[in-house]
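The following briefing covers helix packing, ligand surroundings and backbone geometry. Please consult the sequence and structure shown here alongside it.

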Amino acid sequence: MPKAYYITTPLYYVNASPHIGHSYTEIAADCLARYHRLKGETVFLLTGTDEHGQKIEQAAAASGRPPQAFVDGVVERFKELWKLLNISYDDFLRTTEPRHVRVVQACLTRLQQEKQLHHATYQGWYCTPCETFWTKEELPSGASPAPVCPNCARPLEAVEEEGWYLPLRAHQPWLQGFLKAHPAFIQPQTRYNEIASLLEQPLPEYLCITRPRRRVGWGIPVPFSEGHVTYVWFDALLNYISAVGYGMDEARLSAHWPADVHVIGKDILRHHAVYWPIILHALGLSDEQMPRLIFAHGWWKVGEQKMSKSLGNIVDPYAVVRELLKSQPYAADVYRYFLLRDVPFGQDGAFSEEALLGRLEADLANDLGNLVNRTLSMIERYCGGKIPSTTQLGRSAQYDDPLQQATHDLAKQVDTAMSRIEFANALDAIMRVVSQANQYIELTAPWKLTKGQGDGGVQRLHTVLSILAHVIHVVAITLESFMPSVSEAIWQQLGMGDSPRRLADATSWTGDPLAGKTLGKREVLFPKT
Ligand code: ME8
């Protein structure tokens with residue numbers, strides 16, 4: 001079995017419904033997955049939910065329901081949202097599933113049998129919202145008077161718990177060497193630098209990987225220690241291998257692992273770039289079997305503030321797609337476009353309804369929608385709804401060459417941007433061609449060519465409209481990963497039927513592949529309200 005291009009998202013906590021931040025990671029991972037499929041690759045996109053731990057146990061208690069019933073309910077909110085947003089995941093893993101629990105327990109047993117685990121009493125601090133242990137040395141302000149979490153700035157809880165530990169510092173020299181040898185392991189560069197400098201200081205000696213059952217009952221039982229459940233992060237990180245058959249199905253594992261990209265937010269960089277490789281290393285995986293890339297994107301804020309439930313400024317994706325954008329037939333795609341276009345992937349962004357509606361009007365309605373609408377209505381009016389052919393006689397090098405060249409180069413530009421996971425740059429390249437095509441319409445004024453006026457008359461008219469149809473064809477292909485429904489709608493309007501969209505068809509422009517195609521039913525893609 002050839003290895004799939006394996007993309008993962010974090011497994012989201014199901015203590016509450018998903019918000020814009022979760023949808024951002026999911027859309028980004030989906031866009032990447034669709035892009036690799038567009039290139040003809042086999043792709044495996046894994047997502048899911050992180051269902052154990054103290055935070056979820058507390059949320060379940062607050063709702064008055066048993067944890068399992070509570071998480072079963074919240075999971076549906078995630079699945080429903082991924083459906084609304086057109087997420088093409090190949091697998092959805094819940095950490096409460098037996099297939100995952102089995103692997104976590106097998107890993108714990110193995111580490112215990114190999115005498116890699118250490119039994120001791122932990123004294124330090126715990127952040128329940130982040131489900132993260134902190135030692136005094138890791139707290140910038142030290143441990144007093146009232147320390148806050150370095151990650152989320154919420155108050156920490158002093159804990160003293162007896163449990164099982166995985167050595168961290170013993171793996172530190174290896175991890176440092178690995179990072180040096182793999183300068184592209186963590187992206188963007190700022191995040192790589194952050195971890196490289198973290199590793200210049202000694203790591204905590206150990207990572208506590210269990211919680212006492214009397215404090216946290218909702219977790220995977222530790223097979224060799226009655227009084228403990230597995231620490232939620234040790235449990236959750238293992239999903240990336242449990243989902244693809246680790247320890248259970250060698251053929252399946254090698255058809256997927258190593259992951260090509262772990263897409264995460266910067267809040268969980270340390271767990272992925274330090275704990276995760278160390279867990280894998282402890283399990284005996286070699287350097288070649290480490291994940292290939294960890295990409296940590298930035299935060300969506302509201303104004304200058306981080307979104308948080310306590311501040312009451314959470315942006316609800318359902319409200320944006322179903323209410324704010326209710327007049328839009330492709331509302332989910334408008335939302336996807338905005339998130340991926342507005343902020344370079346890796347940086348923080350500020351969400352505002354004005355910015356979203358501004359992009360809808362300027363980029364989508366006035367530029368993209370207008371190009372498709374004007375071109376296809378001229379083909380309908382002047383060519384009886386059949387895409388005309390280009391003729392040598394009708395060509396004008398002065399006007400046609402720049403647009404044709406830009407269209408020809410577009411897939412290459414998109415490919416370069418996508419190989420660096422630069423969604424905004426890829427979209428920018430597509431929208432620049434769209435604008436150029438709109439200017440071309442103004443310059444060539446096809447409506448003046450209808451009665452044989454101007455250079456070349458009807459031959460010129462047909463050539464202009466054929467070139468424009470081709471531009472739209474290439475735009476539809478390259479937009480597929482970002483706006484799958486809009487891409488499909490344009491495809492149908494162009495009369496492409498069920499022929500697949502493939503990136504290769506956007507790069508090779510020989511002959512006149514669209515000539516003679518009958519346009520499909522037309523509709524306005526981004527209606528103005
Ligand atoms: O951390 N802006 O789950 P989680 C951008 N269960 N992205 C955001 C965001 C924001 N404001 N808020 C959340 C966990 N995210 C663990 C993960 S993985 C083995 C276990 C996104 O529900 C971002 O991807 O807190 C972040 O890393 C993730 O949601 C955290 O989701």
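Helix H13 (residues 353–383) meets H16 through Leu368, Leu371, Val372, Thr375, Met378, Ile379, Tyr382 and Cys383, which touch Leu461, His462, Leu465, Leu468, Ala469, Ile472, Val475 and Leu479 of H16; contact means heavy atoms within 4.5 Å. The residues of this contact comprise 14 nonpolar, two polar and no charged (Ala, Val, Leu, Ile, Met, Phe, Trp, Tyr, Cys and Pro count as nonpolar, Asp, Glu, Lys and Arg as charged, and the others, Gly among them, as polar). The model is predicted: local features need pLDDT of at least 70 and side-chain atom pairs pLDDT 80 or more, while totals for chains, interfaces and linings use all residues. Residues are numbered from 1 along each chain as its sequence is written, and side-chain values use heavy atoms, with hydrogens and water left out.

**Helix packing**

- Helices (H or I, at least four residues) and strands (E, at least two) are DSSP runs, numbered from the N terminus.
- H13 and H16 pack at an angle of about 140°, with axes 10 Å apart; axes are lines fitted to C-alpha atoms, for helices over the stretch in contact, and angles run from 0 to 180 degrees between N-to-C directions.
- H13 is therefore oblique to H16 (angles under 35 degrees count as roughly parallel, over 145 as roughly antiparallel, 65 to 115 as roughly perpendicular and the rest as oblique).
- Helix H14 (residues 397–419) packs against H16 (residues 457–479) at about 15°, with the axes 10 Å apart, which means that H14 is roughly parallel to H16.
- The H14 contact with H16 includes Tyr399, Asp400 and Leu403 of H14, and Arg460, Thr463 and Ile467 of H16.
- Nine nonpolar, five polar and two charged residues make up the contact of H14 with H16.

**Ligand surroundings**

- The ligand is surrounded by 24 residues, each with a heavy atom within 4 Å of it; the closest are Leu11, Thr25, Asp50, Trp299 and Trp300.
- A polar side-chain atom of Asp50 is 2.7 Å from a nitrogen atom of the ligand.
- A backbone N or O atom of Trp300 lies 2.9 Å from a ligand nitrogen atom.

**Backbone geometry**

- Gln187 and Pro188 are joined by a cis peptide bond with omega about -5°, and Pro188 is in the loop between strand S7 (186–187) and helix H6 (189–198).
- A cis peptide bond also links Trp257 and Pro258, with omega about 0°.
- Ala445, a residue other than glycine, has a positive phi near 40° and is found in the loop between helix H15 (423–444) and H16.

Note on methods
A polar contact is a pair of N or O atoms within 3.5 Å; within protein, one must be able to donate a hydrogen and the other to accept it, and residues adjacent in sequence count only if both atoms are side-chain atoms.
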